[in-house]
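I opened this structure for a first look and kept notes as I went. The entries are in the order in which I looked things up.

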Amino acid sequence: MSVQEYLEKHLLPRKIEEAVNAAVRAKAADPVLFISTHMRRAAPAVITRVCARQILDSRGAPAVEVDLHTNKAVHRASAAGPGAPEGAAVDATRDVEKRRLLAKAVADSVRLINGKVSEALVGMDPQQQAQIDQAIMDLDKAHHRTEVGANAMLAVSIAACKAGAAEKEVPLYKHIADLVGKSATTLPVPAITVINGGTHAGNNLPIQEIMILPIGAKNFEEAMQMGSETYHHLKDIIWEKYGSDSCNIGDDGGFAPNISSITEGLDLVIAAIDRAGYNGRIKLAIDAAATDFCVGKKYDLEFKSAKKSGQNFKTGDDMIEIYSQLCSEYPLVSIEQPFDKDDWEHSKKFTTLELCQVVGDDLLMSDPERIKRAVNEYTCDALTLKASQVGTVTEAIEAVKQAKDAHWGVMVSHRSGDTDDSFIADLAVGAAAGQIKAGAPCRGECLTKYNQLLRIEEEFGSEGVYAGENWRTTAS
């Protein structure tokens, strides 16, 4: 093929002329740069390859990372490995076997992504998120996320979302807002972990997390400052009261002093808020993760203790009384998963008291049918949105819409044992969630989310709005 034939085949003379004319009209200071950018935009982006690999998550367990290639760039995303154990293993042999099985699952996902998933997505427009996610889901014949793996699906879906934002030349949160059908100008209130317990720490505290919500901050930057200062004052208080060896941290970066009482933990946090000078401006929240200490139809508040008194087996009604007392004595505004994942009865009883926000995690699993049931029965009034539970960005967005339609709160959440991908920060802003849970102001996988939100707020400038006192209503 001659040069002239090549030029004519690809319509290059006309395209170059258009680019030159555009540079002239724009009076471009650097016409070569302008023309190259113009030519680049003239070619639509298409996915050319999807490449996956095994990396390690924050627990050192196998996880999936994906590079999604287009004809213009490469976009990377990661998600914790499929079936990653949520808590600390009790038996070392069992833990070793879990990790072997997990590594095998990740390896299988990597092979599938590099093969069938890549083949299915080649040639697709990265801006068409719903179509891409449907193509991924179509590969999972049973629709149980077992064929591809929910976290492997999510890593591909997030990488595609990043590619779509790049093609539109907008920030990721803006692209997500477009997908949701909302404008993105709200920074969420962070639910910052300060004390860890449950299966996420080696102490005797039965509940999984105690968190602080800097609702009284004027912006997200101040919220993180308030959270960080309170966190460090808490460390000093724990050091003074229990000694330096009690300042170790749990899986989410919260301190893990050897306490067994919920009130003892809350008292420590209240003392830290007071010492930091933020009384009245910071509220409290807990993640009970009660499924972990539910035995039959009762709740064992000593499930981690080697010396059980036998006095701390509680009924669902007993737990309602405990939570009600905590809400009356402390500025407690949110309780996540207060009962077992299948204890709809007591969750409903407690929610109808309207003492605080009741957040469904295991109860809902971000599943549309379970959310629908919870809405109809008023079993909770907020959603823990873990994208890894649903598998794709499109399904996560649908879960948000479902919760908002019910006038619920939405808490976008990381997962324990997360990777350093900051996607959920953009998701929280783009979906106007009003709340984000990303762990403590400690550990890299937590800080990457909070730091991304600081960058987003800086980008917003004077147009940025911090959810603050409207932390629940922004999700309506």
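**Entry 1: ground rules.** I am working with a predicted model, in which local features need pLDDT of at least 70 and side-chain atom pairs count only at pLDDT 80 or more, while totals for chains, interfaces and linings use all residues. I number residues from 1 along each chain as its sequence is written, and side-chain values use heavy atoms, with hydrogens and water left out.

Entry 2: I looked up the strand order first. I found 8 strands that close into a barrel, in the order 5-6-7-11-12-13-14-15, with mixed pairing. From one strand to the next the twist averages 25°. I take helices (H or I, at least four residues) and strands (E, at least two) as DSSP runs, numbered from the N terminus. Two strands pair if DSSP finds at least two bridges between them.

Strand 7 (residues 283-287) runs parallel to strand 11 (residues 332-336), and 4 bridges join them. Ile286 has Ile335 of strand 11 opposite.

**Entry 3: helix 16.** I noted that helix 16 (residues 444-460) packs on the sheet and touches strand 5 (189-196) and strand 15 (434-439). The direction of helix 16 makes about 145° with that of strand 15. Axes are lines fitted to C-alpha atoms, for helices over the stretch in contact, and angles run from 0 to 180 degrees between N-to-C directions.

I picked Thr448, which lies in helix 16. Is Thr448 buried or exposed? Thr448 counts as buried, at 19% relative accessibility. The cut-offs are under 20% relative accessible area for buried and over 50% for exposed, with partly exposed in between (1.4 Å probe, protein chains only). Apart from neighbours within four places in sequence, Thr448 is in contact (heavy atoms within 4.5 Å) with Asp420, Asp421 and Ser422.

**Entry 4: a hairpin.** I followed strand 1 (residues 47-56) and strand 2 (residues 62-70), which pair in the antiparallel sense over 9 bridges. Cys51 has Asp67 in strand 2 as its bridge partner. The hairpin has 5 residues between these strands, and Gly60 in the hairpin takes a positive phi near 80°.

Entry 5: Most residues other than glycine have a negative phi. I therefore wrote down two residues that depart from this rule. Glu169 is not a glycine, yet has a positive phi of about 60°. Glu169 sits in the loop between helix 6 (150-168) and helix 7 (172-180), and counts as exposed at 51% relative accessibility. Met365, also not a glycine, has a positive phi of about 55°. Met365 is in the loop between strand 12 (357-360) and helix 12 (368-377), and is partly exposed at 36%.

Entry 6: I found an open sheet of 3 strands in the order 8-9-10, with antiparallel pairing. Why is one side of strand 8 and of strand 10 left without a neighbour in the sheet? Strand 8 (294-295) and strand 10 (313-314) stand at the edges, because each has a single partner strand. Strand 9 (residues 298-300) pairs with strand 10 over 2 bridges, and Asp300 stands opposite Phe313.

**Entry 7: Val24.** I ended with Val24 in helix 2 (residues 12-26). Val24 is exposed, with a relative accessible area of 60%.
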